[in-house]
2 protein chains.
Amino acid sequence: MQTLIQSVLTLPDKVLERDGLDPHSLESVDVLLTGCQIQAVAPAGTLPQTADQRVIDGRNKLLLAGFVNGHTHSSQVWQRGLIPQLPLELWLSNVFESTPRHLDQLYWGAVSTAVDTLFSGGTCVMDHAYVIPGQEMETVAALVRGYRSVGIRAVVAPLMMDLPFASGFPKGCLLPQSASPRAARELLALMEAMVAEFHDPDHGIYVGLGPTGFHRCSDELLAGCADLSQRYDLCLHTHLLETRAQHRVAQERYGIRAVQHLATLGCLSPRTSLAHGVWIDEADIDDLARAGATLVHNPVSNLRLGSGLAPILKCRQRGLNVAFGCDGAASNDAQNLLEVIKLGTMLHTVTEADYDRWITPEQALQMATVGGAHGVNLGDRTGRIAPGFEADLVLYNLDHPSLLPRTNPLQLLVLGRPTEVVEAAWVRGRQLVDQGQLLTLDRETLHDALRHPPMASPESRTQHHAVEPHYREVMLNRP
Amino acid sequence: MQTLIQSVLTLPDKVLERDGLDPHSLESVDVLLTGCQIQAVAPAGTLPQTADQRVIDGRNKLLLAGFVNGHTHSSQVWQRGLIPQLPLELWLSNVFESTPRHLDQLYWGAVSTAVDTLFSGGTCVMDHAYVIPGQEMETVAALVRGYRSVGIRAVVAPLMMDLPFASGFPKGCLLPQSASPRAARELLALMEAMVAEFHDPDHGIYVGLGPTGFHRCSDELLAGCADLSQRYDLCLHTHLLETRAQHRVAQERYGIRAVQHLATLGCLSPRTSLAHGVWIDEADIDDLARAGATLVHNPVSNLRLGSGLAPILKCRQRGLNVAFGCDGAASNDAQNLLEVIKLGTMLHTVTEADYDRWITPEQALQMATVGGAHGVNLGDRTGRIAPGFEADLVLYNLDHPSLLPRTNPLQLLVLGRPTEVVEAAWVRGRQLVDQGQLLTLDRETLHDALRHPPMASPESRTQHHAVEPHYREVMLNRP
């Protein structure tokens, strides 16, 4: 079965390759899909129409490669709006105490994440996933089931750590020590079992390695993840220097830069993506760029948690691939990629006076598509509208009121506040959205699930109160 | 005719008065509206129901005082998505060349601004309005007609300047000098005529004094506006130190702080609201606070134009009233108050490590309501849900998918990305929105107007190219 999208505006692939600014970069093309793939892209009106094709009129519409949500935590769907504004380390102690621990909640968390991603222009999710202790395989099964039920492309990288919570704090040894998580060897065996059970590239479902971050992981665990990443060609995804506190933890523990330490352990490769990187320096950027790794920028979450401004302009200038992430719904209470892209396109202006260096809408879309695809180790499959790439596509309705008047559609998509503008979407050639409706799942069942049971605020904030005085002392009173 | 809203969640007025944080600050109340006013607010289930009342079931809903959009330029609706990302001074030269110059466009600009405001929780707009030279009265008539056709409360403060464009640049004397605008005396007479013709507090339409900013206004014009503000009890609204360039203009021209200069001219009073203030210092804040003036924070626009971070936390800590503004659609390509409030609640975290000082959702709503009302000189009429205040109210549907799951509704409203959540809205007791539908105007007529004629990109960027080398030289090459 072929689909022919006729006379649709798009951002030509060559614009995504170069780094230039072109205010009139859109072109009108025909795009032919065959099976999972994009078969042909040609000037509008030039691809022949045959009887057995589905034909879509692309006029007044914009077709873009699907965005990649390069970093989120799907379980946090249940914690939207719940956690007060706090720095990461304190916020986490609140998150732990209200984390959903039922498999059906985690299933619906994946469904919700997939739906929000699709309807904000995304076709692929990196789920740095919370897994229920003792039910790790069952959790991943529930998440995979959630993503399959919507049909989105997903990488599930279960959060793994073998150091206790207190390890994430400077002078964490002064804090009460919680029970140790599982040992590295056990976790690595578990991950290998997950790969065997769930990794399914031919159907758009991938297992990633998701060590929480160096601050919660032993060298053995990190090196083991790097080894698995290489052996199975898997994305290695981890938090990196999200906060000033983590920066100090690295200084205390390693005496060298955290990125140097990760490099020594073999963790940096083109398969590696690192979330946040707010506190990386120029030497870090150069190390990461040299390795071909990806930094995932989560601007909404970084503001929400007061983590700081990630040096995204420097990353791009020094050749480090940058992608966008929503981060989990407990630190970005929306899961809307267009919102993240908008903020990510503007936020860095506070650090750079030279407007010629600001990120253009075209560059932001490059980060969201090509950059995102590379970040999940799928740069050869998705992220471009070009023959041979899999058909992960989103069609936007330019006649929607939130995209009026018709000025520069790309700039309005990126810098406006588009809502309900996704008219159609395909993942691996399968159409998931048509006329703004999800074809694979009744969204009302999702909304019903989210209504019941309502999550209560964490009544006990025991862990918060246990660590807050320490945090204030080491981070604010003794800077 | 009375309206009784029963058992609705709301943020109690006392929370808006104090500056504290209360994660469970919502209460369930009955609210009784009589004519234009709020007659009573009482615990849920306690207000008696009578036969001639309209009764609204407030369960699963949140009622807030309408927000005030403290600063926008309605004509820029036609320039959404059009202007590249540039610093204000260069962006302006692009804006001028693509400004709509037909009265019907300006009418629809006002309608669009009113609709976007209402459907993002606002009930009052400060329109710092572009007026067509030579058709100033006709322009204001068109704007007032637009606001009346929707029914929103509006302050129209026509942009007035008597110094040429080049005056807004440091070393502007080196630039080609454009024709001088009208003389101060003529502009002041015009404003007085507008007050006589259009100022209509009894029907929610106000004229404000809108000198563009000190950088484009003579002392005579500024002092004359201050005099009119006092004589007619009008809001005086002006741009203040939006950019580093304006800061340098003030140094060049006055040799003292711009705020000191404005104070000397009598421009600072409780009727004064100042847009942006990105480059004000602590002495400025103290001067403004002492005068009882209002700073209008436009966080989206400030990022879009790279203007910098307004010192909002310092303003609040030093007792200066702060309101929110969308700014015009050419520098905030959406006109959504909830988006502005979200960014304004989070952006300042990059300058303040102490999380106890971050703005809470409750405080942000105080700024959007009470703060906004004071900023447009209407603090005794709107901005609170309290007996005697006019009924400017917005009812949110907490069952909407974008507000699920039900955690902390207030925090999710402020920190999420709510869409289509405004179920009902009243301005001065008149219901403008019911069941998500605008009652006063067919929104489709607005969308049709925005579709035709499409605005073209400015083909000529003559003015941009005339000033860009100068700007680069004085602002970037010789800092």
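Let's start with a sheet in chain B: four strands form an open sheet in the order β11-β12-β13-β14, and the pairing is parallel. Strands here, like helices, are DSSP runs (E, at least two residues, for strands; H or I, at least four, for helices), numbered from the N terminus. Two strands count as paired if DSSP finds at least two bridges between them. In general, strands of a sheet pair through backbone hydrogen bonds, either parallel or antiparallel. At the edges of the chain B sheet sit β11 (236-240) and β14 (321-324), each pairing on one side only. From one strand to the next, the twist averages 30°; such angles run from 0 to 180 degrees between N-to-C directions, with axes fitted as lines to C-alpha atoms, for helices over the stretch in contact.

A word on what you're looking at: this is a predicted model, in which local features need pLDDT of at least 70 and side-chain atom pairs count only at pLDDT 80 or more, while totals for chains, interfaces and linings use all residues. Residues are numbered from 1 along each chain as its sequence is written, and chains are lettered from A and ligands numbered from 1 in the order in which they are written.

Back to the sheet. Strand β13 (residues 294-297) of chain B pairs with β14(B) in the parallel sense over four bridges, and B:H297 stands opposite B:F324 in β14(B).

Chain A has an open sheet of four strands too, ordered β11-β12-β13-β14 with parallel pairing. Its β11 (236-240) and β14 (321-324) stand at the edges with a single partner strand each, so one side of each has no neighbour in the sheet. Four bridges join β13 (residues 294-297) of chain A to β14(A), and the two run parallel. The bridge partner of A:V296 in β14(A) is A:A323. Helix α13 (residues 361-375) of chain A packs on this sheet, touching β12 (272-276), β13 and β14 of chain A, and its direction makes about 105° with that of β14(A).

Now for the domains. Chain A is divided into domain 1 (2-65 + 384-438) and domain 2 (67-375); these bounds come from an automatic or database domain assignment. Their centres, taken over C-alpha atoms, are 29 Å apart. Where they meet, 25 residues of domain 1 of chain A are in contact with 24 residues of domain 2 of chain A (contact means C-beta atoms, placed from the backbone, within 7 Å). On the domain 1 side, α14(A) gives the largest share, four residues.

The two chains also touch, with 46 residues from chain A and 46 residues from chain B taking part. On the chain A side, the elements that give two or more residues are α10 (299-304), α12 (337-346), α14 (409-415) and α15 (443-451). The table sets out the residue classes for both of these sides; Ala, Val, Leu, Ile, Met, Phe, Trp, Tyr, Cys and Pro count as nonpolar, Asp, Glu, Lys and Arg as charged, and the others, Gly among them, as polar.

| Side | Nonpolar | Polar | Charged |
|---|---|---|---|
| Chain A, touching chain B | 24 nonpolar residues | 14 polar residues | eight charged residues |
| Domain 1 of chain A, touching domain 2 of chain A | 17 nonpolar residues | two polar residues | six charged residues |

One residue to look up in chain B is B:V350, in the loop between α12 (337-346) and α13 (361-375) of chain B. B:V350 counts as partly exposed because it has 18 C-beta neighbours inside 10 Å; the cut-offs are 20 or more other C-beta atoms within 10 Å for buried, 12 or fewer for exposed, and partly exposed in between, with C-beta atoms placed from the backbone. Leaving aside neighbours within four places in sequence, B:V350 is in contact with A:G308, A:L309 and B:L309.

A:N377 is not a glycine, yet its phi is positive, near 65°; with 25 C-beta neighbours inside 10 Å, A:N377 counts as buried. A:R428, also not a glycine, has a positive phi of about 50° and lies in the loop between β16 and β17 of chain A. A:R428 is buried, with 20 other C-beta atoms within 10 Å.
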